[in-house]
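Welcome! Please take a moment to look over the sequence and the model below, and then we will walk through some of its features together.

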Amino acid sequence: MSENHPQRRGGETTGISEWKTRPPYRVHEKNDDFDVKYEANCHCGKVQYQLSRKEPLDSKLCHCTTCQTQHAAPFQWAAIFHKTDINFIEGHHNLEWYDPSDKSIEHKLPCKVRCSYCHSPIMDEGRNMILLFPSLIHLKSDEDKAYFKPRCHMFYGQRVMDIPDGLPKWSGLSDSSDLIEDSPPEKVKEMQRKREEERKERFEKGENE
């Protein structure tokens, strides 16, 4: 696709192809200090990316009706990263966007991002962060998988199935709605405090980088 050609679907973000020059879509040059921790791809392989962060900032299961419809699944598993944590090595020209609020295919934040060929969900792009889908990421060890383990459920009040896994369950957004527990409240809160203390310790030591 030429630089002066409009994006495949929807209108340009800001000017001609401006979106290609900034995170999360900017392709890193070979001399950039991008420390690759993981690789990932869509189903057809046309879209491929790398991640430089070892542990996501958070990992959640979302049960909102939008995620259920967009993923044709009972819930969405998403891991949160900074926009600068991702490097597209193939197919960043083969992306399409969808704004579920306005039902528009223009690139307006927040939005859904998919491969324009196989239509695999690639990420949710927010104004400050991106939500990636761990099922696309090549997690090769048990340690890697543990980093991406979900820490809570969001919008559990909209669920279509019960998941008695002992994780904190929020009726809406995490930390700003009511907890819906499937275990004693004190156990859920104790586990949550312990997990957050461990995560903060790893962050302070830089072990999550």
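This is a predicted model: local features need pLDDT of at least 70, side-chain atom pairs count only at pLDDT 80 or more; totals for chains, interfaces and linings use all residues.

## Strands around a pocket

I80 has L131 in β9 as its bridge partner. The strands β4 and β9 pair in the antiparallel sense, over four bridges. L131 is also the bridge partner of D124, and three bridges join β8 to β9, which run antiparallel. Between β8 and β9, which form a hairpin, there are three residues.

How many residues of β7 are buried? The strand is mostly covered, with five of its five residues buried. Both of its faces are covered: C111, V113 and C115 lie on one side, K112 and R114 on the other.

Several of these names return in the largest pocket, which has a volume of about 530 Å³. Its lining is made of 24 residues, and those nearest its centre are C67, Q76, K112, D124 and L131. The lining divides into 14 nonpolar, four polar and six charged residues. At least two lining residues come from each of β3 (58–62), α1 (65–71), β4 (76–82), β7 (111–115), β8 (121–125) and β9 (129–132).

Elsewhere there is an open sheet of three strands, in the order β1-β2-β5, with antiparallel pairing. The edges are taken by β1 (38–41) and β5 (86–90), each with a single partner strand, so one side of each is left without a neighbour in the sheet. Neighbouring strands of this sheet are turned by 25° against each other on average, direction ignored. Four bridges join β1 to β2 (residues 48–51), and A40 stands opposite Y49 in β2.

| Site | Feature | Value |
|---|---|---|
| P23 to P24 | cis peptide bond | omega about 5° |
| L109 to P110 | cis peptide bond | omega near -5° |
| A72 | positive phi, not a glycine | phi about 50° |
| F155 | positive phi, not a glycine | phi about 50° |

Where do these sites lie? P24 is in the segment before β1, and P110 is in the loop between β6 and β7. A72 has its place in the loop between α1 and β4, whereas F155 lies in the loop between β10 (152–154) and α3 (185–205). A72 is exposed, with a relative accessible area of 74%. F155 counts as partly exposed, at 22% relative accessibility.

Key:
Residues are numbered from 1 along each chain as its sequence is written. Side-chain values use heavy atoms; hydrogens and water are left out. On a 1 Å grid over the protein atoms alone, a cavity is a set of points where a 1.4 Å probe fits but cannot get out, and a pocket is an open set with protein on both sides within 12 Å along at least five of seven lines; lining residues have an atom within 4 Å of a point. Grid points are joined across faces, edges and corners, and a volume is the space filled by probe spheres set on the points. Ala, Val, Leu, Ile, Met, Phe, Trp, Tyr, Cys and Pro count as nonpolar, Asp, Glu, Lys and Arg as charged, and the others, Gly among them, as polar. Buried means under 20% relative accessible area, exposed over 50%, partly exposed in between (1.4 Å probe, protein chains only). Two strands pair if DSSP finds at least two bridges between them. Axes are lines fitted to C-alpha atoms, for helices over the stretch in contact, and angles run from 0 to 180 degrees between N-to-C directions.
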